[in-house]
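Please keep the structure in view while reading.

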Amino acid sequence: SVQGARSRATSANDGNFRLEGLPPGTWKVRCRAQGYESVTLSGIRVAGGRATRLDCALQPAFALQAPETDQVLPKPRSYKVKAAYLEMPLRVGGPIPFPGETAPPPFNTEAYDAIDENPFKSALENPLSTFSIDVDTASYANMRRFIEQEHRLPPIDAVRIEELINYFTYSYPDPEGKDPFSITTEVSVAPWNRKHRLVHIGLQGRRVDTAELPPNNLVFLLDVSGSMNSPAKLPLLKSAFRLLVENLREQDRVAIVVYAGAAGLVLPPTPGSDKDKILCALESLRAGGSTAGGAGIRLAYETARRNFDPQANNRVILATDGDFNIGASSDAEMIRLIERERESGVFLSVLGFGTGNYKDSKMEKLADHGNGSAAYIDSILEAKKVLVSEMGGTLLTIAKDVKIQVEFNPARVKGYRLIGYENRRLRDQDFNDDTKDAGELGAGHSVTVLYEIVPAGSDERLAGIDELKYQESRLSRVGRSSNELLTVKLRYKAPDSDTSQLVSRPLEDERIPLARASEDFRFAAAVAEFGMLLRDSELKADASYESVLESARAALASDDGGYRSEFLELAEQARLLDQRG
């Protein structure tokens, strides 16, 4: 990429690429590739009518190991980048090879499930909205990878707005009663449609100090198949788990199961105090072979069950690019296996790595049905966030099968839509059915939910079915006389219980101007607006990157870790990359 100009290109597999249409002048050129250290070259002079040749070498960010020995190899040969800049009209059609050179198309089998955006519903005809909570954050880190490393917007179906919103921490109060979470509600104006209102619902799980966590009985299930043989996969995986191992305690136990052409136990259950032994087992791993994912999961669960501790957090942590292709390879078969295993009390967390064959759709399903969460690791900093800073929430479940049901008051609400959570929707009758699985809440985790509201009395027409001929819906006396906009109901189970408990909280119809709304409200709204732009949502109304940047910039006070500031940079980059007008 050329700094200060809209000139970008992606190289062919041999490193060649070509940029055209760059005006004469002196430029800075930045070369980046996932898994390699980026390089910025200054003083690159481009003259009118002449081509400028540039060679750049990128060094791997991680050392790779020899395939059959414990010897650490020298860093591989540098990644050669050759480019030509020429002043002429920019052609359309992607990277242009040099004469006599062929640029093969990049190999990419990444998979994402289609997302059908939640529409507006009539509060009179459909007063209930029911769904499972979601604490996954994989979509945000994966979106960041597309924008920062691949210099393009992510595929529409890779953007799950609820995961973008829930990537951030919010200043919700800690719970004070017997329930393991607090509930915060707020309502103000929707920034992208000033005729609509926005409802903000926040849950904050009880925080648990790392020293007070129960013992961990962990099984690392690590993909060491041939597809993991790149710097951003197995080497990054090792570095990520090294951070987790360094924070283990004497009472913790770790086993390591790997799978490639076959599954095997690399490390039997080992005390967390024996860090050298655990790290040595990690460092001995190398990639090669096919992907026996089903056999690996079976062996990991078997290992966890054999060492099950009813007083401990019993969990399998799967780390992979998601490329299961031997054994229990179908999604349905894998899900049934995991659903059977979760009944034993062993939960599953999933960490995704790498690009090119990342199976986002499969990773999310495995975590959802394994009573765990899914994250995507695109850097060592993200590994630190997931496995160190948020370790309590990643490893310790404080409430399971958490469901939310919101009842809207048609006297105050004409229509509503749930922003995100499309793949977490439940039938209304599932809310009271304790046999229906739902999401888990980890220690210290927060969950944020946004509803866009069309106020009662609005002349806006909602898309939907025709009016009924033989019956009519009427408002109740309570609804007409109440100042309540809605009622939030939650059901959850203790981690060791099969019976749910009910929590209920009404929200008054307050009219708070957007400028007086909380910083958490305004920042979450900015992230939701950003997600709608990335998805090119039909419901984005007047959403704009300028609005996103303005709202987020004014809500940066609570920015532990600098994640909100990073969001501003991502939004600015996306604005420059978005050519949809």
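**The largest cavity and its surroundings**

In this predicted model, the lining of the largest cavity is made up of six nonpolar, five polar and two charged residues. The space within the largest cavity amounts to about 110 Å³. Of its 13 lining residues, those closest to the centre are T137, S373, A375, V386 and T394. Two strands, β15 (347-353) and β16 (374-377), each contribute at least two residues to this lining, and β15 gives the most, with three residues. Across the whole structure, the search finds four cavities of 30 Å³ or more.

Among contacts between residues at least 6 apart in sequence, 78% join residues that are at least 24 apart. The accessible surface comes to about 25,400 Å², and carbon and sulfur atoms account for 49% of that area.

I183 is placed in strand β9. Is I183 buried or exposed? With a relative accessibility of 8%, I183 counts as buried, because the cut-off for that class is under 20%. Leaving aside residues up to four places away in sequence, I183 touches G202, L203, L490, V503 and R505. The C-alpha atoms of I183 and V488 are 9.1 Å apart in space, although 305 residues separate the two in sequence.

Side chains of opposite charge can pair when their charged atoms come close. How many salt bridges does a search of the whole structure find? The search finds 32 salt bridges.

Consider the salt bridge between the side chains of E566 and R144, with an N to O distance of 3.1 Å. This pair links distant parts of the chain, since E566 belongs to helix α13 (residues 563-577) and R144 to helix α1 (residues 138-149), 422 residues apart. Both E566 and R144 are buried.

A second pair lies in loops. D174 forms a salt bridge with R207, and their closest N and O atoms are 2.0 Å apart. Here too distant parts of the chain are linked: D174 is in the loop between α2 (161-165) and β9 (181-190), while R207 is in the loop between β10 (193-205) and β11 (216-223), 33 residues apart. D174 has a relative accessible area of 42% and is partly exposed; R207, with 46%, is likewise partly exposed.

In the salt bridge of D437 with R342, the closest N and O atoms are 3.5 Å apart. D437 lies in the loop between β18 (413-418) and β19 (439-442), and R342 lies in helix α6 (residues 331-342), so the pair ties together parts that are 95 residues apart in sequence. How do the two partners stand with regard to burial, and why?

Methods:
Residues numbered from 1 in each chain as written. Predicted model: local features only at pLDDT ≥ 70, side-chain atom pairs only at ≥ 80, totals over all residues. Heavy atoms only, no water. Contact = heavy atoms within 4.5 Å. Areas by Shrake-Rupley, 256 points an atom, 1.4 Å probe, with all protein chains shown as cover. Salt bridge = Lys/Arg side-chain N within 4 Å of Asp/Glu carboxyl O. Helix = DSSP H or I, 4+ residues; strand = E, 2+ residues; numbered from the N terminus. Buried < 20%, exposed > 50% of the residue type's maximum accessible area, 1.4 Å probe, protein only. 1 Å grid on protein atoms, 1.4 Å probe; cavity = no way out; pocket = protein on both sides within 12 Å on 5 of 7 lines; lining within 4 Å. Points joined across faces, edges and corners; volume = space filled by probe spheres on them. Nonpolar A, V, L, I, M, F, W, Y, C, P; charged D, E, K, R; others polar.
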